[in-house]
Each structure stands twice: as structure tokens, then as C-alpha cells.
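Thanks for coming. I will go through one model, from the whole chain down to a few residues. Please keep the structure open while I talk.

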Amino acid sequence: MTIGISSVSQQDPYSLLYTLASLYQASSAAERKRLTVLVHLADSDLTWLKDTTAHISRLFSPQILAGQLLLIHVPPEAYPTVSGIQDKAYKAEIYSKQNVNHAFLMSFATKLSDYFLLIGDNVFCAPNFVTQIYSEVTTMKHTQWVLLEFSNMGFIGKLFHSKDLPLLAHFLLLFHKDKPLDRLIRHFRTLLVQEKPILYRPFLFYHRLSHPNFDGNMDTEVQQRNISGPSNPPGSVFTDMSVSDVHFPWEAYTLDESFFWTNNVSAGNHLTVLLNHPAMLSKVQVMTGSILDGKYALKKGQVELGYDPEGMPQYCTRFALLGHLVEGQLDQEIFQESLAYPVSCVRLVVNANQVAGLIIRHIYLWEKSVEKAQS
């Protein structure tokens with residue numbers, strides 16, 4: 001199986017490195033022998049290319065020498081130009097770059113293996129995902145399929161037959177400026193007569209919001225904040241609610257005005273923030289619904305604090321109730337001694353089925369200051 005990743009320069013320079021580390025840490029030695037990881041360094045910034053190549057070569061030299069990790073780069077001259085009305089051209093340029101990047105990636109991967117798994121450069125992987133994917137493929141051997149999905153987020157965790165990659169790459173190049181990659185992939189699936197998605201649960205890949213850098217320090221936008229406001233320590237966000245291609249779960253945990261949109265939630269559904277490191281929290285605020293009129297709020301839900309994380313990727317093994325949402329909101333300081341321990345997870349849980357839309361506007365966390373935590 002070939003795992004394909006296309007990466008460009010971003011604010012966090014370590015996201016690709018962390019993804020590769022997660023990928024290899026989640027695989028046994030036997031599983032790694034069944035993998036070829038193909039990374040398309042798809043940015044024209046020569047400094048970024050040089051630095052990224054050097055970092056990967058230093059950290060993953062055994063995989064490179066074994067032929068299990070390949071790096072490719074396509075020069076800018078090979079990319080098509082985008083023109084048109086200004087607003088449409090801007091959107092088309094964003095779609096085009098992403099789609100063409102992945103078309104080149106898939107073209108190169110065609111003859112490397114029987115299967116091709118597409119992930120992003122900002123994810124973490126479930127333990128033994130390789131074995132789980134091969135197990136699912138084995139169960140599907142008598143069923144015709146085009147696409148198996150091991151995540152519900154965008155285009156990550158999508159498995160194809162490698163024989164279909166030339167056609168998919170051609171399809172992406174034909175319509176590179178028309179739609180985002182995940183929507184083109186869905187369209188491609190239906191064209192090859194797989195009408196319904198085949199979604200594997202539990203999910204094996206999750207989008208990671210922020211990362212520790214490889215010097216041991218935190219390098220993330222959420223740390224640049226007003227000292228009296230929420231701190232939102234670095235962490236990952238995952239959910240079992242439906243995810244569209246417009247607003248993603250991690251947007252509920254940013255400090256800007258973005259939000260997570262979903263619909264038709266069921267009792268027991270959750271959105272969980274898993275912190276990179278346990279934190280002493282002084283306050284938690286969860287807001288759902290439209291900021292204008294409160295529409296699409298969660299009618300019945302509760303917020304829980306999680307402790308004792310285990311596994312890779314980690315999950316909390318113990319939760320304690322912090323409080324119930326009132327009119328779709330919770331704004332609560334943490335005074336109880338029973339909750340006064342370093343928190344690893346904050347989980348929003350749906351308590352009753354709710355038809356139609358749901359907006360999770362934000363989850364804000366306040367950390368206790370060092371002085372207060374020590375007093």
C-alpha cells in the first residue's frame with residue numbers, strides 16, 4: 001500500500017514531520033514493510049523545500065534508505081494558469097493548486113502498489129491502521145468498490161485501487177479549478193458507479209489542530225493571546241458527528257470567528273478536544289448556535305472533563321461531568337476539588353436526537369496561572 005501526502009508551506013512548519021512521526025509510530029515493523037510513503041513537496045518556496053527536505057532526511061533516514069519513504073517535487077512551470085473574474089479566479093486558484101498537487105502525487109504513485117491511501121499533512125493515525133485497512137479490504141474482496149473511507153474529514157483517509165489513479169489524476173486535471181478536492185473525489189466515485197460512500201468506523205485518521213515542535217517547545221497561533229482571555233492549549237479535535245466540506249470540527253476550537261457546522265445529531269454523539277499535554281483549567285466556555293439569533297443551538301447536551309489518556313492516538317479513559325448546557329451554552333469556572341486535576345480532554349456530548357443543523361460556535365478553555373496553580 002502506498003500512502004500519499006501532498007504538503008505545502010504553512011504556519012506550523014512541523015505539521016508534516018509530526019504526521020510522518022504519527023504514521024510510523026502507529027505501525028509495527030511488519031506493517032511498515034507493507035508501506036511506501038510518498039510525499040509531494042508541493043511548494044515553490046526554495047527555502048521551505050530545502051529546510052523540509054533536510055528535516056525529513058535527518059529524522060527519517062532509515063525509511064528513506066529502505067525505499068519506504070519517497071519525496072517528489074514538481075516545478076511551478078508544470079502547473080496550469082487560472083484566469084477569470086477576480087473573486088471566482090481567487091477561489092479557482094485555491095482549488096486548482098490543491099487538485100493539481102494531488103494529481104501529480106497520484107500519477108507518480110500509480111505503479112508503486114495495489115492500493116493508494118490519501119491522507120493530509122496535518123493528521124494523526126490510529127494504532128495498527130495498516131492491519132485494520134487490510135482487514136477491511138479483505139472483507140470487501142467480493143464487493144466492487146472504488147473508494148473506502150477511513151475518516152469523515154475532507155479528503156483524508158481515502159483508499160483507492162492504484163489502477164484507478166491515472167483516471168482520477170486525469171479527472172482532477174480536467175476540473176482542477178471547479179471544485180475542492182474532496183468534492184471532486186466524491187464525484188469521481190459516483191462516476192465509477194459507487195453511488196454510496198463506504199465509511200469505516202471507528203475512524204483511523206484525525207485532523208490535528210496544533211503540534212509540539214521538534215525542539216520541545218510549542219509553536220502555535222493559539223498561544224499568542226490576550227492574557228485575560230481564553231488560552232485554548234494545543235490539542236486535537238475529533239468527532240463522530242457528520243462533517244461537511246465547509247466547516248470542520250477543529251474550527252470550534254480556534255480563537256477566531258470560525259465554527260463547526262453539522263446536522264442531524266444523535267444522542268451520544270460527541271465533539272472532543274484532546275489536549276497535547278494535561279492542563280489545569282480554571283474555566284470552560286462552550287457556545288452553540290448562531291451568534292445573531294441563537295438558531296441551530298444544541299438543545300440538550302453536557303460538557304465533560306476527561307482524564308487518564310491512553311493509547312496511540314490517545315483517548316481519555318475517565319470523564320467527569322462539568323455541567324449541562326442551558327439554552328445551548330455553558331460558561332463555568334472550575335472550583336470543585338473533585339475536578340481540580342490536570343485535564344486531558346474536554347468533551348461536548350449530545351443528550352438527545354436533534355434534527356436539522358447544529359452550530360458549535362466555540363470551545364474556550366482558560367488555564368490557571370502558574371502562581372494560582374501552585375498556591
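Of the 375 residues in the chain, 52% are buried, where buried means under 20% relative accessible area, exposed means over 50%, and partly exposed is in between, with a 1.4 Å probe and protein chains only. This is a predicted model, so local features need pLDDT of at least 70 and side-chain atom pairs count only at pLDDT 80 or more, while totals for chains, interfaces and linings use all residues. Residues are numbered from 1 along each chain as its sequence is written, and side-chain values use heavy atoms, with hydrogens and water left out.

The chain has nine helices and 18 strands; these are DSSP runs numbered from the N terminus, H or I of at least four residues for helices and E of at least two for strands. As for contacts (heavy atoms within 4.5 Å), take those between residues at least 6 apart in sequence: 76% of them join residues at least 24 apart.

Now to helix 1. How many of its eleven residues are buried? Ten are, so the helix is mostly covered. The buried residues are Ser15, Leu16, Leu17, Tyr18, Thr19, Leu20, Ala21, Ser22, Leu23 and Tyr24.

Helix 1, residues 15-25, packs with helix 3, residues 46-59: their axes come within 10 Å and cross at roughly 25 degrees. The axes are lines fitted to C-alpha atoms, for helices over the stretch in contact, and the angles run from 0 to 180 degrees between N-to-C directions. The two helices are therefore roughly parallel to each other, since angles under 35 degrees count as roughly parallel, over 145 as roughly antiparallel, 65 to 115 as roughly perpendicular and the rest as oblique. On the helix 1 side, the residues that meet helix 3 are Leu16, Leu17 and Leu20, and their partners are Thr52, His55, Ile56 and Leu59. By class, this contact has five nonpolar, two polar and no charged residues. Nonpolar here covers Ala, Val, Leu, Ile, Met, Phe, Trp, Tyr, Cys and Pro; charged covers Asp, Glu, Lys and Arg; the others, Gly among them, count as polar.

Asn99 is in helix 5 and is buried, with a relative accessible area of 0%. A polar atom of its side chain lies 2.9 Å from the backbone oxygen of Lys179. That is a polar contact: a pair of N or O atoms within 3.5 Å, where within protein one must be able to donate a hydrogen and the other to accept it, and residues adjacent in sequence count only if both atoms are side-chain atoms. Not counting residues up to four places away in sequence, Asn99 also touches Leu172, Phe175 and His176, among others.

Thr110 is in the loop between helix 5 (86-109) and strand 4 (115-118). At 19% relative accessibility, Thr110 counts as buried. Its side chain reaches the backbone oxygen of Met106 at 3.1 Å and that of Ser107 at 3.1 Å. Leaving aside neighbours within four places in sequence, Thr110 is in contact with Ser162, Leu165 and Pro166.

Is His161 buried or exposed? His161 is buried, with a relative accessible area of 15%. Which backbone oxygen does its side chain reach? That of Trp145, at 3.3 Å. Beyond neighbours within four places in sequence, the contacts of His161 are Asp114, Tyr115, Trp145 and Val146.
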